[in-house]
Amino acid sequence: MELIHKYFTLTPTQEQQFAALGQEYPEWNAKINVISRKDIDNLYEHHILHSLAIAKRINFQPGSSILDIGTGGGFPGIPLAILFPEVQFTLIDSIGKKIRVATEIANAIGLKNVTIKQLRAEEEKGKYDFIVSRAVMPLGDLKKLVTKNISKTQQNAMPNGLIVLKGGELQAEIFPFRHIVETEELSAYFKEEFFKTKKLIYLPL
């Protein structure tokens, strides 16, 4: 929790919900493995704070709708939903056991602004202001899948589009979109060693 306090100011409700994640995720992960066993000890840095990098790039306006594709156990959707209680989040994943974990945790911490569904990206028909994702697939493949889901109505400071968290060498992946894509180093937001190779990619659609 100290990591979250270091970078974000929380309400009492957010404080309780973020703290509860530290209990809920290890308990559920012991039953259904959605985070590698060795990485569960780094839950706050590698998963929760990493997810919240998106909030350093954009302050979603109340009433916005966000789709988290390939959410796994609920990242980045659940941490973002805690931070933006007046924004509606839809979390989808094709793997049922991951959806169960995300659903159980969202219910346990009392999240009211999330809808969680077992669904492939191709099957999702809804319209959203932004699509968010953590390293689910190459950017070009993801763009093809989600362009249909981007709303034409704009209500945020940034044009609607795709916001992806990734690591490693991305030049070849973003080259086809080089004229419009924005890439930011997460080390600009967070000083921990883990974030030195991590990036946020924003592609307006």
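**Figure 1. Arg120 is partly exposed, with a relative accessible area of 45%.** Partly exposed lies between buried, under 20%, and exposed, over 50% (1.4 Å probe, protein chains only). The model is predicted: local features need pLDDT of at least 70 and side-chain atom pairs 80 or more, while totals for chains, interfaces and linings use all residues. Residues are numbered from 1 along each chain as its sequence is written, and side-chain values use heavy atoms, without hydrogens or water. The side chain of Arg120 meets that of Glu122 in a salt bridge, at 3.1 Å from N to O. A salt bridge here needs a side-chain nitrogen of Lys or Arg within 4 Å of a carboxyl oxygen of Asp or Glu. Glu122 is also partly exposed, at 38%.

**Figure 2. The second largest pocket takes in Arg120 and Glu122.** The pocket holds about 180 Å³ of space. A pocket is an open set of points on a 1 Å grid over the protein atoms alone, where a 1.4 Å probe fits, with protein on both sides within 12 Å along at least five of seven lines; lining residues have an atom within 4 Å of a point. Volume is the space filled by probe spheres set on points joined across faces, edges and corners. Ile69, Gly70, Ile92, Asp93 and Ser94 belong to the lining. Leu119, Ala121, Val136, Met137 and Leu145 belong to it too. The lining divides into seven nonpolar, two polar and three charged residues. Ala, Val, Leu, Ile, Met, Phe, Trp, Tyr, Cys and Pro count as nonpolar; Asp, Glu, Lys and Arg as charged; the others, Gly among them, as polar.

**Figure 3. The largest pocket has a volume of about 220 Å³.** Its lining is made up of 14 residues. Nearest the pocket centre lie Val34, Thr71, Gly72, Gly73 and Arg134. Four residues of this lining are nonpolar, six are polar and four are charged.

**Figure 4. Helix α6 has four named buried residues: Leu139, Leu142, Leu145 and Val146.** Seen down the axis of α6, these buried residues fall within an arc of 125°, so they line one face of the helix. The arc is taken from the directions that run from the axis to the C-beta atoms. Helix α6 spans residues 139-146. Helices (H or I, at least four residues) and strands (E, at least two) are DSSP runs, numbered from the N terminus.

**Figure 5. His50 sits in helix α3, residues 43-57.** His50 is buried, with a relative accessible area of 7%. Which residues does His50 contact, leaving aside neighbours within four places in sequence? They are Glu45, Arg134, Leu165, Leu186, Phe194, Phe195 and Lys198. Contact means heavy atoms within 4.5 Å.

**Figure 6. Phe84 lies in the loop between α4 and β2 (88-93).** Phe84 is buried, at 8% relative accessible area. The C-alpha atoms of Phe84 and Phe60 are separated by 7.2 Å. Along the chain, the two residues are 24 apart. Beyond neighbours within four places in sequence, Phe84 contacts Ala55, Ile58, Asn59, Phe60, Phe89 and Asn113.

Figure 7. Glu104 is partly exposed, at 31%. Arg100 is partly exposed as well, at 44%.

**Figure 8. Glu193 and Lys196 meet through their side chains in a salt bridge.** Their N to O distance is 3.3 Å. Glu193 is exposed, with a relative accessible area of 60%. Lys196 counts as exposed too, at 52%. Elsewhere, salt bridges that share partners join Arg57, Glu182 and Glu184 into one network. The model's count comes to eight salt bridges.

**Figure 9. Phe75 and Pro76 are joined by a cis peptide bond.** Omega is about 5°. Pro76 is in the loop between β1 and α4 (77-83). Most peptide bonds are trans, and most residues other than glycine have a negative phi.

**Figure 10. Ala135 has a positive phi, near 50°, though it is not glycine.** Ala135 is in the loop between β4 and α6. Is Ala135 buried or exposed? Ala135 is exposed, with a relative accessible area of 52%.
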